[in-house]
Amino acid sequence: MSKQSKAADASGRPSDSTSKRYREKWNWDETTWASHCINCYPGNCQYRVYVKDGKIVREEQAGTYKPVEAGVPDMNPMGCQKGNAWSQMLSSPERELYPLKRAGERGEGNWTRVSWDEALSDVADATLDAIEESGPESILQVSTPNEGGLMAGMLFGKIIEGLGGTTTDVNADINDFNPGLYMTYGKVNSASSVDDWFHAELTLVWHRNPVYTAIPWYHFVLESRYNGGEVVVIAPDYSPSAIHADYHVPVEPGSDAALSLGMCQVIIEEDLYDAEFVREQTDLALLVRTDNQRFLRQTEMSESGRDDQFYVFDAKTGGVVEASRVTLDLGEIEAALEGRFEVKLADGSTVEVAPAFQHLKDQLVDYTPEKAAAMCGANAEMIRSLARKVATRRTNALLGFNAGKYYHGDLIERSMCLLLGLTGNWGKKGTGTRSWSVGMFDGAYLYSMKEKAGREEAERVMNMRNMIAQGVKAQDPTMTDEMASFELMRMSAPMGSTVPPAFLWYYHCGYAERWNKPEWNDPAIGEGFDARLEEAISKGWWQGLNRPGPESPPKVMFEIGGNFLRRMRGGQELLLENLWPKLNMIVTVDWRMHTTGMHSDIFLPVALSYEKMTFHIPTPDILNLTLSDVAADPPGEAKPEFEIFHLLAQKLEERAAARGLEEYQDSRGATRRLDNLVNSYTLGGEITSPEELADEWIQDTATFGNLPEGTDLETLREHGSVRFTNWGAVPFAIAQASDLEPDSTHNPFRWHTEKKMPYPTLTRRAQFYIDHEWFLEAGEQFPVHKENPRQGGDHPFTLTSGHARSTVHTTNAVNRAMLQTHRGEPSVMLSPADAEGRDIGADDRVRVFNDISEFVCAVKISPSVRPGQVIMYNGWEPYQFEEWKDPSSIEPGMVKWLHLAGGYGHMRYWLMQCQPIPIDRGLAVDVVKA
């Protein structure tokens with residue numbers, strides 16, 4: 001040890017000691033509130049970002065959420081390993097910092113750095129060329145939840161709507177849709193707050209893997225066990241979530257409807273069902289004719305009756321009475337659930353009718369536990385045991401988006417809803433199932449309707465919206481506000497820019513041939529997909545929505561914060577071969593170079609979270625508005641989306657003026673002007689920065705009563721987040737159908753169960769029986785079990801998938817910190833038996849293939865995998881695979897033909913609802929050593 005003394009600090013430690021250097025590492029100059037504004041639902045994790053010398057040095061979970069309800073754990077700490085490593089992406093190698101212009105062929109990777117002016121001039125010229133040559137509908141925005149938060153795609157939507165362009169519906173694009181929930185409830189946008197999970201006495205983790213996909217909130221599942229609850233995981237494999245469960249129920253992939261219906265059979269057979277709930281809340285008491293399997297309607301009972309007035313049999317009076325369309329309260333009526341009755345029709349004829357419940361009971365003889373076990377692979381006694389648990393406990397079906405990605409995912413979800421409906425398990429704390437939702441932040445969602453800034457204009461827009469909704473209700477005074485808001489969306493859909501993308505895929509992306517393969521469809525399709533599509537269009541079910549048509553190919557495409565070539569089922573091959581040659585200009589707006597960016601013509605770099613002001617998408621799950629503020633300037637020439645789209649609007653006006661192009665008409669007959677894009681975007685020049693826009697949105701939302709009075713950007717910057725106080729006017733939020741209480745967890749549907757408010761369905765009840773002509777033809781009027789078609793060919797394995805733990809989609813796919821948490825490369829999982837039978841060893845490279853294509857990657861061998869199953873967790877870029885062929889390459893991208901059905905009560909399209917969605921689960925594949 002040196003005898004020389006060293007200068008000591010006040011603590012007596014040497015000033016150059018290791019401990020001091022360590023402490024200096026954790027010093028900072030200032031902190032900023034932030035979140036990670038990507039498609040991480042429900043997101044809104046509040047972080048503190050630490051800045052030193054103008055640079056971001058680290059982030060950490062804020063842990064500032066207070067308990068909402070006494071006795072229920074708080075939401076802290078909120079966050080995950082991806083968020084804790086976010087700052088590493090600010091300087092990651094895949095990041096682009098300057099505008100780029102393609103120098104070679106698309107996909108070659110040859111780029112030239114250009115100025116913003118040159119890049120935006122090229123984009124503007126191509127856009128105007130498309131308008132003049134093909135019409136504005138040829139300008140296409142492919143939707144995505146965006147990696148930029150609300151100030152990304154939503155802002156560009158104001159421009160695309162002003163141009164009269166086409167935007168694809170995000171729920172079909174990404175297939176985060178629950179078709180069975182929509183068919184049952186007339187809505188999918190209902191979700192409990194995550195802390196409500198704590199109240200469950202029985203949690204069914206079903207088509208979900210929350211240990212991977214709900215890291216910040218999974219503690220509520222565990223805490224429900226501390227509260228006396230049980231957790232059951234239903235999955236083909238012994239998933240990571242099964243490790244922490246009380247029971248694991250293994251099922252064959254895609255066979256869950258059989259399991260649900262087996263439980264329903266036990267519940268009815270053993271008289272465990274909640275008869276009063278069934279009579280009041282569901283359509284199972286409504287009378288169905290036994291001759292044609294149609295509901296008994298007023299049009300049959302009267303010469304001037306309604307087609308949507310239905311009947312029940314009153315056991316007290318012994319006669320048929322109308323089922324109220326105004327309330328679910330039955331009053332003195334004792335609606336029969338069983339029996340068969342004779343009814344005289346208006347024409348003098350007599351028909352036999354029976355309650356839908358009786359028809360259901362008759363059908364369920366095919367789903368005794370033994371028969372259901374043969375279909376789904378679960379043990380018959382386990383089916384009985386689980387059914388009895390569901391019938392006697394508050395049951396939370398923790399459903400994800402996985403089920404809807406199966407061909408018969410609608411039947412799976414309808415069966416799950418039936419199980420909950422028979423047992424009275426929704427509309428009270430700790431129960432129900434859930435999907436996703438947005439809303440509450442009305443200032444943002446109604447921004448596109450404003451013509452100038454300020455509260456007075458906000459109130460004008462809201463009053464106009466309310467007046468139109470009341471006009472809709474005037475056409476049918478029995479409508480609830482919820483029904484009227486949905487109907488308003490349906491009426492306006494054909495005139496808007498957003499369309500179901502199935503028609504784009506069919507006419508312009510090459511899917512028609514695959515969708516017409518009979519062996520990849522349900523046999524009930526009949527003459528083929530072409531015939532079904534033609535019938536649906538000829539009957540007007542998609543009038544004004546079947547855009548872009550076969551004679552209107554897209555010419556310009558914008559991808560903003562998404563990755564179309566990776567995300568689209570069927571992937572690169574179909575799109576590059578069929579859609580790409582039609583496009584004269586492809587523009588990617590993103591922070592990193594990815595597969596779609598590589599095949600674009602112009603790449604525009606954006607600022608990341610921490611470098612711009614934005615908001616995560618507000619959700620009922622969290623019920624907070626979460627601010628993500630600016631902690632440091634973006635590097636290079638990257639810009640916030642607000643500024644990019646402002647500059648684009650200016651450039652469009654400038655280039656249009658040079659051409660003398662001021663106005664034109666779109667295909668819907670609307671006049672569009674190019675000399676007011678900037679004025680519309682900036683609300684008359686009053687909104688010129690993200691900060692001004694954020695303050696406008698916040699204050700408007702407070703004006704509407706959805707945030708505490710006086711809330712503005714300054715107060716939000718002080719606290720980082722604020723709890724919403726009201727649902728507001730956005731239909732997705734109204735769909736919660738429950739009062740929003742400041743000191744209580746949120747569970748949806750309480751207006752239905754407590755206030756007896758009807759559901760937004762054809763029958764105005766939770767609807768399990770669908771007597772649409774196509775559903776009757778398909779034998780799917782009730783939920784049933786059907787085997788999944790062998791999409792991809794006659795191959796022995798079934799491919800299943802889900803989200804990886806290490807990345808949100810592919811956002812974090814090459815984050816170095818995340819790569820160190822696993823093997824650092826894509827891999828599939830096989831069971832030991834299947835691996836041994838094919839001479840495949842651990843870490844071997846395998847070829848996964850079917851009739852469409854193939855991909856090659858490493859293999860993990862795990863006894864947690866079901867024999868016959870192949871697991872591929874999503875979250876990889878195609879460039880991480882040989883020849884850039886990833887799992888989307890072998891996905892046929894099928895849609896279920898029955899989802900073209902329309903013209904039936906609630907089964908009509910509106911934004912993010914009721915439409916064909918692509919399928920990527922339960923696919924047929926084979927696996928061999930590469």
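These notebook entries record what I looked up in a predicted model of one protein chain.

**Entry 1: Ground rules**

I number residues from 1 along each chain as its sequence is written. Because the model is predicted, local features need pLDDT of at least 70 and side-chain atom pairs count only at pLDDT 80 or more, while totals for chains, interfaces and linings use all residues; side-chain values use heavy atoms, with hydrogens and water left out.

**Entry 2: Confidence**

I looked up the pLDDT, which is the predictor's confidence in each residue, from 0 to 100. The protein chain averages 95, and 98% of the residues score at least 70. Over residues 1–8 the pLDDT is below 50. Beyond near neighbours in sequence, this stretch has seven contacts in the model, where a contact means heavy atoms within 4.5 Å.

**Entry 3: The whole chain**

I found 33 helices and 32 strands in the protein chain. Helices (H or I, at least four residues) and strands (E, at least two) are DSSP runs, numbered from the N terminus.

How does the radius of gyration of the protein chain agree with that of a compact globule? A compact globule of 930 residues would have a value near 30 Å, and the chain has 28 Å, which agrees. The radius is taken over C-alpha atoms, and the globule rule is 2.2 Å times the number of residues to the power 0.38. Along its principal axes the C-alpha trace spans about 100 × 75 × 60 Å.

I noted that buried residues make up 64% of the 930 residues. Buried means under 20% relative accessible area, exposed over 50%, and partly exposed in between (1.4 Å probe, protein chains only). Among contacts between residues at least 6 apart in sequence, 74% join residues at least 24 apart.

**Entry 4: Cavities**

Rolling a probe the size of a water molecule over the atoms shows where empty space is left. I therefore recorded the rule: on a 1 Å grid over the protein atoms alone, a cavity is a set of points where a 1.4 Å probe fits but cannot get out, and lining residues have an atom within 4 Å of a point. Grid points are joined across faces, edges and corners, and a volume is the space filled by probe spheres set on the points.

The structure holds eight cavities of 30 Å³ or more. About 850 Å³ of space lies in the largest cavity. Its lining has 46 residues, of which His-207, Arg-208, Asn-209, Thr-213 and His-803 lie nearest the centre. Helix H7 (210–213), strand E27 (797–803) and strand E31 (869–874) are the elements that give two or more residues to this lining. Strand E27 provides the largest share, four residues. By class, the lining of the largest cavity divides into 20 nonpolar, 16 polar and ten charged residues. Ala, Val, Leu, Ile, Met, Phe, Trp, Tyr, Cys and Pro count as nonpolar, Asp, Glu, Lys and Arg as charged, and the others, Gly among them, as polar.

The second largest cavity holds about 450 Å³ of space. Of its 33 lining residues, Arg-566, Arg-567, His-803, His-809 and Thr-810 lie nearest the centre. Helix H22 (564–567) and E31 are the elements that give two or more residues to this lining. I counted seven nonpolar, 14 polar and twelve charged residues there.

**Entry 5: Single residues**

Is Lys-651 buried or exposed? Lys-651 lies in helix H25 (residues 641–659) and is buried, with a relative accessible area of 7%. Leaving aside residues up to four places away in sequence, Lys-651 touches Asp-117, Leu-120, Ser-121 and Ala-124.

Ala-315 lies in the loop between strand E12 (311–314) and strand E13 (319–322). Ala-315 is partly exposed, with a relative accessible area of 46%.

**Entry 6: Backbone geometry**

Most residues other than glycine have a negative phi, and most peptide bonds are trans. I looked for departures from this.

The peptide bond from Tyr-41 to Pro-42 is cis, with omega near 0 degrees; Pro-42 lies in the loop between strand E1 (30–34) and strand E2 (47–52). Another cis bond joins Arg-547 and Pro-548, with omega about -10 degrees.

Leu-623 is not a glycine, yet has a positive phi of about 65 degrees. Leu-623 counts as buried, at 1% relative accessibility. Leu-683, also not a glycine, has a positive phi of about 55 degrees. At 0% relative accessibility, Leu-683 counts as buried.

Terms used:
1 Å grid on protein atoms, 1.4 Å probe; cavity = no way out; pocket = protein on both sides within 12 Å on 5 of 7 lines; lining within 4 Å.
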